[in-house]
Amino acid sequence: MIINSNYKNFIQPNFTANIMPKNCAEYIDNKLKYAKTADIFCHASSDEDSFNSAKAMYSYLESQGVKSRIIVSNGKECYDYNANKYNIIQASEVNENTKKADIALCVDFSATSRAVPNVMKYINSYGANVVGFDHHNNTDKITPNYNQITKSYAKTQELPKLDAKNFYIDSSAKSNCAIISRFFDAIGHKINREEGRSLLAGMIDDTSKDGFTKISKLGQIEVLDKTNDNGNTKTVMNNVLSKLNVFDKLNVLKHFSDKTKLTDKEIKFQETLKERTQYSKNGKFAYLEIQQGDEAWENLGRDTVRTKTVLGNYRKKMLEDKNLDAVAVFFPTNDENSYKMSILTRNDYAKQIINEIKSSTYPNLVAGGHDDRSGGSIESSDKRVCHNWVNLFVNAADKILA
Ligand SMILES: [Mn+2]
């Protein structure tokens, strides 16, 4: 893997980013337009932002006569997932023998660690023919040739003077779809309604996860005033909304309500979780251990958007109990060989528990996130191995929460 450690390319201008400098946009646009074919890559466990960025770019490139494919990792529950229409290939199907396109375009990721490993190998085979857009600030860059914008435009609103480079990263943006929207503005591409709906879907998902937007019962999208919103979320979102009619907007919103609405089966499952709960010896840590082959879990299709909601509800609900300091769920994922955990705690106990495991029993633990909520995983389908892994957390919780 090409991991760039040369920070001389780091440009950190003193302004607040949001408008994309024309030269940067045109540089990437030309690279794409002069290709005959393009592969558009989404990040691992592709979400709405990544997938819809890809769809909007797919549609734009099609209008420019560039034949594209979208390489996605799962993402089947994303807005307007249509394998034929968007020429979609699943990440698991990509290997060394897959025929390359003329250029690779990465959306919503710029770090090697955010790509599925076999896909990353494939991206590397494109050599210098990789361009991309991202709003994350990771250090293990796919390409050494990138612009990094971290601050906000100064009040002067003057466009930044940046060299044109293959990768454009604006970490003040709250979604990658916001960056794609600004890219279209910079090159003067007028989005069609389909592209607009895609961009809106990506923006809604990323910004609502971060608490920047809220959707009212009446379908009003409210961009909350956050004091530190350097990304001008409101402006870019209204810009896209202004290109859509009410049916377009409702179509996107309906997708999210359908996607998240629990079925009767899922509600029933939710109701069984309390009695399936186990506790650490000190009683401060509650956890749910869903083992490989669990019948109810299999019936629900394992980890879907909705079962994630169920488990999220469970963690929140359990932590309302004043006697508890931490709640975790352990569950098999859709990938046969992967077992996951998700933990929610008071204070910074999540961080403490993970650090305790890493320092005392299992230095190679894959887990992290925020101080009070984290995720982790182990690559195994072996019941006993997974159970022992669960016990690492139980024992650490006994120690930390004593
Ligand atoms: Mn994103």
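The radius of gyration here is taken over C-alpha atoms, and the globule rule is 2.2 Å times the number of residues to the power 0.38. By that rule, a compact globule of 402 residues would have a radius of gyration near 21 Å, and the chain, at 22 Å, agrees. The model is predicted. The chain is divided into two parts, domain 1 (7–259) and domain 2 (264–400).

**Overall dimensions and burial**
- Along the principal axes, the C-alpha atoms fill a box of roughly 60 × 50 × 45 Å.
- Buried residues make up 43% of the 402 in the chain.
- Take the contacts with a separation of 6 or more: 74% of them join residues 24 or more positions apart.

**Domains and secondary structure**
- Domain 1 covers 7–259, and domain 2 covers 264–400.
- Their C-alpha centres, those of domain 1 and domain 2, lie 32 Å apart.
- The chain holds 12 helices and 15 strands.

**Packing of helix 5 and helix 7**
- Helix 5 spans residues 193–209, and helix 7 spans residues 246–260.
- The two helices pack with their axes 10 Å apart, at an angle of about 40°.
- Angles under 35 degrees count as roughly parallel, and 65 to 115 as roughly perpendicular; helix 5 and helix 7 are therefore oblique to each other.
- The crossing of helix 5 past helix 7 is right-handed.
- On helix 5, the contact is made by Arg193, Gly196, Arg197, Leu200, Ala201 and Ile204.
- On helix 7, Asp248, Asn251, Val252, His255 and Phe256 make the contact.

How values were computed. Residues are numbered from 1 along each chain as its sequence is written. This is a predicted model: local features need pLDDT of at least 70, side-chain atom pairs count only at pLDDT 80 or more; totals for chains, interfaces and linings use all residues. Domain bounds come from an automatic or database domain assignment. Helices (H or I, at least four residues) and strands (E, at least two) are DSSP runs, numbered from the N terminus. A residue is buried if 20 or more other C-beta atoms lie within 10 Å of its own, exposed if 12 or fewer, and partly exposed in between; C-beta atoms are placed from the backbone. Two residues are in contact if their C-beta atoms, placed from the backbone, lie within 7 Å. Axes are lines fitted to C-alpha atoms, for helices over the stretch in contact, and angles run from 0 to 180 degrees between N-to-C directions. Angles under 35 degrees count as roughly parallel, over 145 as roughly antiparallel, 65 to 115 as roughly perpendicular and the rest as oblique. A crossing is left-handed if the near helix is turned anticlockwise from the far one by less than a right angle, and right-handed if clockwise.
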